[in-house]
Amino acid sequence: MSRKCIGFIEVWGLASAYQAADTALKTANVRLIGYEYNGYDATIAVKIEGNVSAVKAAAIAASKAVWSIKGSLRGCVKYTIKPAVKEEVYQTLVNNKNTVGTEPQTKSGKRPQGTGKKGKWIGYWNPKECYIYE
């Protein structure tokens, strides 16, 4: 593998992740590696690679473009650029089992699942008064 630059664009929500990936690929000559769901705070890391200037331009454009999405889960948390990473760091950050779209994911045929915990029913939600009744 040539030592390319890797960019991570962390956004809130899946719609913002699609917008970030679309904008990044249309802005510069970068390759989409995949995305990774980051846990309970609804952030998703979109992973791209290319040369340093292309990744930087794509990350900046994508971080600005996600604010055009309507809704509560929108916006960019941050973007990070890692130039010329070593092979073992690349394998840890990019080719892990949680990155959707990489070779380990497509070979296994599985997508990352949640925690496996079932939701707890606590009652009805009244949208007018914004209270949850038990």
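**Grounds for the descriptions**

Guide: In strand 4, Cys76 is the bridge partner of Val11. Please bear in mind that this is a predicted model.

Visitor: Which residue of strand 3 is the bridge partner of Val11?
Guide: In strand 3, Val11 has Ile44 as its bridge partner. Glu10 is also bridged to strand 3, where its partner is Ala45.

Visitor: How do you know that strand 1 and strand 3 pair?
Guide: Pairing requires at least two bridges between two strands. Strand 1 and strand 3 share eight bridges in the antiparallel sense, therefore they count as paired.

Visitor: In what order do the four strands of the open sheet lie?
Guide: The order is 2-3-1-4, with antiparallel pairing. Strand 2 and strand 4 are the edge strands, because each pairs on one side only. On average, neighbouring strands of this sheet are turned by 15 degrees against each other, direction ignored.

Visitor: What makes strand 1 largely enclosed by the rest of the structure?
Guide: Seven of its eight residues are buried, so strand 1 is described as largely enclosed.

Visitor: Why is Gly75 called buried?
Guide: A residue is buried when its relative accessible area is under 20%. Gly75 has a value of 0%, so it is buried. This glycine is found in the loop between helix 2 and strand 4.

Visitor: Which residues are in contact with Gly75, leaving aside its neighbours within four places in sequence?
Guide: They are Val11, Trp12, Ser16, Val66 and Trp67. Trp12 is 63 residues from Gly75 along the chain, yet their C-alpha atoms are separated by 5.9 Å.

Visitor: Why is Ala84 called partly exposed?
Guide: The class of partly exposed residues lies between the limits of under 20% for buried and over 50% for exposed. Ala84 has a relative accessibility of 37%, so it counts as partly exposed. Ala84 lies in the loop between strand 4 and helix 3. Its phi is positive, at about 50 degrees, although Ala84 is not a glycine.

Visitor: How does the reach of helix 1 compare with the expected value?
Guide: Helix 1 covers residues 14–27 and reaches 20 Å from its first C-alpha to its last, close to the 20 Å expected for its 14 residues at 1.5 Å a residue.

Visitor: Which residues of helix 1 are buried, and what covers them?
Guide: Ser16, Ala17, Ala20, Ala21, Thr23 and Ala24 are buried in helix 1. Their cover includes strand 1, strand 2, strand 3 and helix 2.

Visitor: What makes helix 1 oblique to helix 2?
Guide: The two helices pack at an angle of about 140 degrees, with their axes 8 Å apart. Roughly antiparallel would need an angle over 145 degrees, and roughly perpendicular spans 65 to 115. The angle falls between these ranges, so helix 1 is oblique to helix 2. Their crossing is right-handed.

Visitor: Which residues make the contact between helix 1 and helix 2?
Guide: Helix 1 contributes Gln19, Ala20, Thr23, Ala24 and Thr27, and helix 2 contributes Ala57, Ala58, Ala61, Ala62 and Ala65.

Key:
Residues numbered from 1 in each chain as written. Predicted model: local features only at pLDDT ≥ 70, side-chain atom pairs only at ≥ 80, totals over all residues. Heavy atoms only, no water. Expected span 1.5 Å × (residues − 1). Buried < 20%, exposed > 50% of the residue type's maximum accessible area, 1.4 Å probe, protein only. Contact = heavy atoms within 4.5 Å. Axes fitted to C-alpha atoms, helices over the stretch in contact; angles between N-to-C directions. Parallel < 35°, antiparallel > 145°, perpendicular 65-115°, else oblique. Left-handed = near helix turned anticlockwise from the far one by under 90°.
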